[in-house]
Amino acid sequence: MEYEYESQKENFEDVDSIVFSADITNEEAMIFQLLKEKQGKQLICPEAKGYQDFLKAYSSSSGYHIFKGDLATLAASDVVISFGVWFQDESAESIPLIHKTLAEKKPKFVYMHPIEDAQLQTTITQFIKYEVGSEEGVSALLAYTL
């Protein structure tokens with residue numbers, strides 16, 4: 001890869017935007033988020049932009065937002081499938097409510113994620129672990145199975 005040195009910034013502070021791939025670690029994502037919050041850097045991820053555009057198109061054509069869910073729906077469910085959700089990242093208020101609802105109603109709870117969540121051990125009926133970055137294939141298999 002060839003660089004044009006005269007167009008490069010000498011100091012990181014002079015950089016306004018950071019372009020990155022979606023294939024980054026959680027630690028790298030956290031660093032980027034902190035740079036955005038503390039220094040006002042603009043974050044640009046072409047893959048995430050494509051997904052964002054897909055979600056907007058889905059919402060406008062279906063009338064539903066893909067993340068439309070609530071505790072009442074969770075409580076009324078016989079089976080809950082959590083795919084790729086890391087509950088530690090949810091709001092501090094919702095985690096205890098989710099745990100309480102799952103513990104009281106006791107639906108079958110299938111938890112699919114690359115990392116086990118120790119806080120969910122008592123509520124999980126089945127844990128399906130998959131490799132990081134294989135979500136597309138796992139989702140295709142899940143869609144085919146269902």
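The structure is a predicted model, in which local features need pLDDT of at least 70 and side-chain atom pairs count only at pLDDT 80 or more, while totals for chains, interfaces and linings use all residues. Residues are numbered from 1 along each chain as its sequence is written, and side-chain values use heavy atoms, with hydrogens and water left out.

## Overall fold

The protein contains 5 helices and 5 strands, where helices (H or I, at least four residues) and strands (E, at least two) are DSSP runs numbered from the N terminus. Followed along the sequence, these elements give the pattern β-α-β-α-α-β-α-β-β-α. If contact is taken to mean heavy atoms within 4.5 Å, then 54% of the contacts between residues at least 6 apart in sequence join residues at least 24 apart.

The protein exposes about 11400 Å², of which carbon and sulfur atoms supply 55%; accessible areas come from the Shrake-Rupley method with a 1.4 Å probe, and for residues only the protein chains shown count as cover. Of the 146 residues, 21% are buried, a word that here means under 20% relative accessible area, with exposed meaning over 50% and partly exposed in between (1.4 Å probe, protein chains only).

Helix α2 covers residues 46-62, and its 17 residues reach 24 Å from the first C-alpha to the last, close to the 24 Å expected at 1.5 Å a residue. The expected span of a helix is 1.5 Å times one less than its number of residues. Just after α2 comes Gly-63, with a positive phi of about 85 degrees. Lys-106 also has a positive phi, near 50 degrees, although Lys-106 is a residue other than glycine. Lys-106 sits in the loop between α4 and β4 and is exposed, with a relative accessible area of 64%.

## The nonpolar cores

In soluble globular proteins, nonpolar side chains tend to be buried together. A nonpolar core is defined here as a set of buried Ala, Val, Leu, Ile, Met, Phe, Trp, Tyr and Cys residues joined through side-chain atoms within 4.5 Å. The largest such core has 9 residues, namely Leu-74, Val-80, Phe-87, Ile-98, Leu-102, Phe-109, Tyr-111, Leu-120 and Ile-124. The elements that give two or more residues to this core are α4 (94-105) and β4 (108-112). Apart from this core lies another, of 5 residues, among them Ile-18, Phe-20, Leu-35 and Cys-45.

Which residues does Leu-120 contact, leaving aside its neighbours within four places in sequence? They are Phe-87, His-99, Phe-109 and Tyr-111. Thr-123, which lies in the loop between β4 and β5, is buried with a relative accessible area of 12%. With its neighbours within four places in sequence again left aside, Thr-123 is in contact with His-99, Leu-102, Ala-103 and Phe-109.

## Aromatic pairs

A search of the whole structure finds 4 aromatic pairs. Rings of Phe, Tyr and Trp (its six-membered ring) pair if their centres lie within 6.5 Å, and planes under 30 degrees apart count as stacked, over 60 as edge-to-face and the rest as tilted. One of the pairs joins Phe-83 and Tyr-130, which are tilted, at 5.6 Å centre to centre and with 45 degrees between the planes. Phe-83 lies in strand β3 (residues 79-83) and Tyr-130 in the loop between β5 (126-128) and α5 (135-145), so the pair ties together parts that are 47 residues apart in sequence. Phe-83 is partly exposed at 27% relative accessibility, whereas Tyr-130 is buried at 8%.

The pair of Phe-109 and Tyr-111 is tilted because its planes stand at 55 degrees, with the ring centres 6.2 Å apart. Phe-109 is buried at 1% relative accessibility, and Tyr-111 is buried at 0%. Phe-109, Tyr-111 and Phe-127 form one aromatic cluster.

## Salt bridges

Side chains of opposite charge can pair when their charged atoms come close. A salt bridge is counted when a side-chain nitrogen of Lys or Arg lies within 4 Å of a carboxyl oxygen of Asp or Glu, and the count comes to 2 salt bridges.

| Salt bridge | Distance, N to O |
|---|---|
| Asp-53 and Lys-49 | 2.8 Å |
| Lys-100 and Glu-104 | 4.0 Å |

Asp-53 and Lys-49 are 4 residues apart in helix α2, which means that about one helical turn separates them. Asp-53 is partly exposed at 36% relative accessibility, and Lys-49 is partly exposed at 42%. Lys-100 and Glu-104 are 4 residues apart in helix α4, separated by about one helical turn, and Glu-104 is exposed at 53% relative accessibility.
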